[in-house]
Amino acid sequence: MKNYSPSEDWDLIIKGHTSLFDIKFNDLWNYRDLLVMFVKRDFVSFYKQTILGPLWFFIQPIFTTIVFSFVFGNLAGISTDGLPKYLFYLTGITSWTYFSDCLSKTSTVFRDNASIFGKVYFPRLIMPLSIVASNLVRFGVQLLLMLCMMLYFYLFPIEGTSFHVTYGIFLFPALILLMALLGLGLGLIITALTTKYRDLTFLVTFGVQLLMYATTVIYPLSYAKEKGYAFIVELNPMTGIIEAFRYAFLGRGELTIYSLGYSILVTIIIFFLGILIFNKTEKNFVDTI
């Protein structure tokens, strides 16, 4: 008599996680069509009932850049290291926005999708990955805006300012990956904790905004060193990433092995810690959320 084997009758067998490191990369690849669908859903649902639609991709960074230039550049008189003010702030805003969007939206994955998670099976990691991917579209549009502004200031330079693209541009894909992994890792940790501690949701709302001031978005690292609090700013892993991003495109900023190496190390630790906590929480979060 032939022994019965479930694998002979089923193409897919769903099992619980056997360990925290059981990520099931094969399932993520098999559900890649679902990932694409979620990306389209996020894009369409967010702008479906808006008048200007995707134009908000341009409007938000433009107005933020204007406000930053007026408040921090003109009123506060903060140096921009010889760069055009609008270009300096736009580079910081473009990179920071991608990171903060990945973090903020990933941090509410369990709460926002509890009804879906409780009804049908798919790799839960697909949802936060789709958030990172959909935000990449917005980042690409804002990057295009930044390149257009670079072209404008190249053709119509402002006296006393200058910029140039450096060899750091070859690190651009790695910098995007670092921003995505850091935002994803922190978001996974927070969304896992918010299944029990809802207060963290309110903390993230204004915490991300406060964190921006501990990053070189509105001031250069040289200004922080001049004021004597650079060691605090450099503890933020996004500082090394933004400085490298600004150095790559504008030739100003600090790109060193130490700063970038520190950002890479912290990002890897946070990302894998987020994966482990997420895997542990997804087993029973439906019972607690």
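How many helices and strands does the protein have?

1. Overall make-up. The model is predicted. The protein has 13 helices and zero strands. Read from the N terminus, the order of elements is α-α-α-α-α-α-α-α-α-α-α-α-α.

2. Burial and surface. The chain has 289 residues, and 46% of them count as buried.

3. Contacts along the sequence. Take the contacts with a separation of 6 or more. Residues 24 or more positions apart account for 78% of them.

4. The core. The largest nonpolar core holds 71 residues. Those with the most contacts inside it are F68, W96, Y98, F139, M238, F245 and F249. Helix α8 gives the most to this core, with 11 residues. As background, nonpolar side chains in soluble globular proteins tend to be buried together.

5. F249 in detail. F249 is one of the core residues with the most contacts. Which residues does F249 touch, not counting those up to four places away in sequence? The list is L143, M146, L147, M150, F163, H164, V165, I169 and F172.

6. T166. This residue sits in the loop between α7 (126–155) and α8 (172–193). Is T166 buried or exposed? T166 counts as buried, because its relative accessibility is 10% and the cut-off for buried is under 20%. Leaving aside neighbours within four places in sequence, T166 is in contact with Y247, A248 and G251.

7. L155 lies in helix α7. L155 has 52% relative accessibility, so it counts as exposed; the cut-off is over 50%. L155 also belongs to a nonpolar patch on the surface, together with L151, Y152, Y154 and F156. These residues have about 610 Å² of accessible area together.

8. Cysteines. How many disulfides are there? The count comes to zero. For reference, a disulfide is a covalent bond between the sulfur atoms of two cysteines. C102 counts as buried, because its relative accessibility is 0%. C148 counts as partly exposed, because its value is 45%, between the cut-offs of 20% and 50%.

9. Points to check on the structure. Look at T166 with Y247, A248 and G251. Then look at F249 with its contacts, among them F163, H164 and V165. Finish with the surface patch that includes L151 and L155.

Notes:
Residues are numbered from 1 along each chain as its sequence is written. This is a predicted model: local features need pLDDT of at least 70, side-chain atom pairs count only at pLDDT 80 or more; totals for chains, interfaces and linings use all residues. Side-chain values use heavy atoms; hydrogens and water are left out. Helices (H or I, at least four residues) and strands (E, at least two) are DSSP runs, numbered from the N terminus. Buried means under 20% relative accessible area, exposed over 50%, partly exposed in between (1.4 Å probe, protein chains only). Contact means heavy atoms within 4.5 Å. Patches are made of residues with over 30% relative accessible area and no salt bridge: like charges are joined within 9 Å, nonpolar side chains (Val, Leu, Ile, Met, Phe, Trp, Tyr) within 5 Å. Accessible areas come from the Shrake-Rupley method with a 1.4 Å probe; for residues, only the protein chains shown count as cover. A salt bridge is a side-chain nitrogen of Lys or Arg within 4 Å of a carboxyl oxygen of Asp or Glu. A disulfide is a pair of cysteine sulfur atoms within 2.5 Å. A nonpolar core is a set of buried Ala, Val, Leu, Ile, Met, Phe, Trp, Tyr and Cys residues joined through side-chain atoms within 4.5 Å.
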